[in-house]
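Work through the exercises below with the sequence and the model open. Each task is followed by its solution.

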Amino acid sequence: MTDPVGSGAPSTDPQSSPPDFAGTLLHRGLQSGALVLIVSILAALLVGAVLIVWAGENPLNVYRVIIKESLFEATGWRDTLIQATPLGIIGLGLAFGFRAGVWNIGAEGQLVMGAVAAIAVIGPMGDLPGILLVPIGLIAAMIGGAVWGAISAWLHVKFAVNAVIATLLMVFIAEPLLNWAVRVPLKDPATFLPQSRTVGNAALPDMFGSNIHIGVLFLFILVPIAAWVMNYSRFGYLVRAHGANRHAVYANESRPGRLPFILLAMGGALAGAAGFIQLAGVQVRVGSGTAAGFGFTAIIVAILGRNRPVGVFIAAIGLSAMLVGAEAAQRSLGLPVALTQSIQPIIVIFVVAGEAIEQRILKREAERIAALTAAHLHPEGAA
Amino acid sequence: MIIAQTDLVSVAFWATVLAAGVRLAISVGMAALGEMINERAGVLNLGLEGVMLIAGFAGFAASFETGSPWLGLLVGLIVGGIVGALFAWLVVVLRADQVVTGLALTLFGIAFTAFLNREIYGGGSTPPRAPKPGVWEIPVLKDIPLLGEGIFSQSSVAYLAILVTLLLVVYLRRSYWTIVLDAVGEEPRAADAAGHSVVAVRFVATVAGSALAGLAGALLIVGQLGFFNTGITAGRGFIAVALVIFGRWRPGGIALGALLFGALDALQFRFQTLDTSVPFEFFIALPFAVTLIAVAFGSKRAREPSALTLPFFRETE
């Protein structure tokens, strides 16, 4: 029943109700963010497959090795959990910052300073029993990381230095400081290498019968606490409000810089804690292996975890499994770990692109439905 | 080379420091100039470090395979532009978050070039070396004490870089497009109302900025170092972002900041061999510490482009 004179009536049949996009599977998938994430991971794996083919390997075989070695082997599970621990702990700290729009990308330096502080404090107390040394080392590391984060925070809050710059440049100061510390004041006189003494009694014991150190528990304890703080506490509310509209928060705060300062110091403290757990649980000494890149990978962990504690936990396990599998693939197939490390940021890029496209689809659908509804309610008034 | 402390008062010592400082300043200054262009259009590119690495590696490969540093620079420029177009498509056209996308680009650049370097050139501790461009000395001028060696005895590609920079600075000073660029970065709605496509201007500015950063990366790796290593730019992309703030989004200030960083970087190399009680690691950290302090002093008075990092939505959309 077309309108031959073009009186402007809507072309759709006014009797039919507007299509219910809101209930469709596509809509629900888009709203939860799961669809974008899954498509992004698949797309990134596809890009990775192209690179693997170029490197002369069979991608299906490589992915099979990565999954098998990281998740279906006992040693793989162990390594995945152990590497996920620093990633998750740092990622939680970063997630609070990112959620509030405070970009701490200097966790690598904060981790380094945590490890240095820990070894400096527990070094002279080597005779104490582990039950005392471990908490002392952990607290020293958290203070060391927090101080490093607080320097960035001070520059950011007091001098309005961009947080990205204030945190990142401190990494390039922390690394030489580490090298000097293990070369001169903290050097183990028994070796020629620039490395500290071992942590001695502070070495983390393994959990009941397994060969996984107890530091892993720290992550499992921290995640629910962080989730509660983020979602139910006043602090978490302020963090989320600061991310949504910081001026609304500042309007009710007597000291507007306080929240970013706390977030950067807290991120530093958690990065420092991760530094101690790596030191006491895995590396035993501070040295060239201390700055292993966890601080940078944790940025991806926080972003892919959507800055939510449970998401961060899942992302930490996932990215850790990817890296553990990649190390196995490097050993058995000679495929560089750097390949997997480049796939991880590609996932992030696909996710942000996917979310932007998703926003467009949702908006367009909303407009279409609004237009149809308007036409439905006022068929004579439609243009 | 061990430097005695008496060298510190000699003119020759400071002349070489200055010469190296100018060389080191060129690449970081050029990257900062590129970042300035896209930031003035309202686009923050934290992927600068990644762009420098990817374009620098491409430039190195081109120069290594063909033996021509000039081709290496050209490839660096083009690859920088291509990566910039990809970034612009994400953040300008799709309006993805600039900070997240930029950081991801940097992390990708570090890992991806490490992967390529390992696959193609073995990635060992003694990387292959590409031919370095020749040095052009300008007679008479190079004999000016203190400054002569620094400015008038550079590698041939450095003169090109200086020329490009000067032309760009002069062009930006006098051009109609600079006004459009600033309008898009400060008041995109007004620029849009005046008939300029905000998306198009931001896209072009981002591509241009990345192309310059790519050239800067190639200049560092092809023109100065002659070899590639994982993460060889060592934070210079972020230093460039910092220099834009220090220079308050103006070429003159950026050039000054780049010279300061370059001089400290050059001093750092020389002081490492200096026979003092100060540990050499202190000098390695010094350029970063001074940049941070300089930015701290500049940031309060600096005012960034109003629309920086904000995506543009037309009211009709």
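**Exercise 1: the fold of chain A**

In this predicted model, 79% of the contacts in chain A between residues at least 6 apart in sequence join residues at least 24 apart.

Task: State how many helices and strands chain A has, and what percentage of its residues is buried.

Solution. Step 1: count the elements; chain A has 14 helices and zero strands. Step 2: turn to burial; of the 383 residues in chain A, 50% are buried.

**Exercise 2: the side of chain A that touches chain B**

Task: Find which helix gives the largest share of the side of chain A that touches chain B, and sort that side by residue class.

Solution. Step 1: the contact takes 36 residues from chain A and 36 from chain B. Step 2: α6 (130-159), α7 (163-183), α12 (294-304) and α14 (337-377) of chain A each supply at least two residues of the chain A side. Step 3: the largest share, 12 residues, comes from α14(A). Step 4: by class, this side has 32 nonpolar, four polar and no charged residues.

**Exercise 3: the largest nonpolar core**

Task: Say why the largest nonpolar core lies between domain 1 and domain 2 of chain A.

Solution. Step 1: this core has 231 residues, and I165(A) and L219(B) are among those with the most contacts inside it. Step 2: helix α9 (residues 198-225) of chain B gives the largest share, 17 residues. Step 3: domain 1 (30-41 + 336-377) and domain 2 (56-330) of chain A both contribute residues, so the core lies between them. Step 4: look at one member; the contacts of I165(A) include F238(B), V241(B) and V295(B).

How values were computed
Residues numbered from 1 in each chain as written. Chains lettered and ligands numbered in written order. Predicted model: local features only at pLDDT ≥ 70, side-chain atom pairs only at ≥ 80, totals over all residues. Core = buried A, V, L, I, M, F, W, Y, C linked by C-beta atoms within 7 Å. Buried ≥ 20, exposed ≤ 12 C-beta atoms within 10 Å, placed from the backbone. Helix = DSSP H or I, 4+ residues; strand = E, 2+ residues; numbered from the N terminus. Domains from an automatic or database assignment. Contact = placed C-beta atoms within 7 Å. Nonpolar A, V, L, I, M, F, W, Y, C, P; charged D, E, K, R; others polar. Lists of a residue's contacts leave out its neighbours within four places in sequence.
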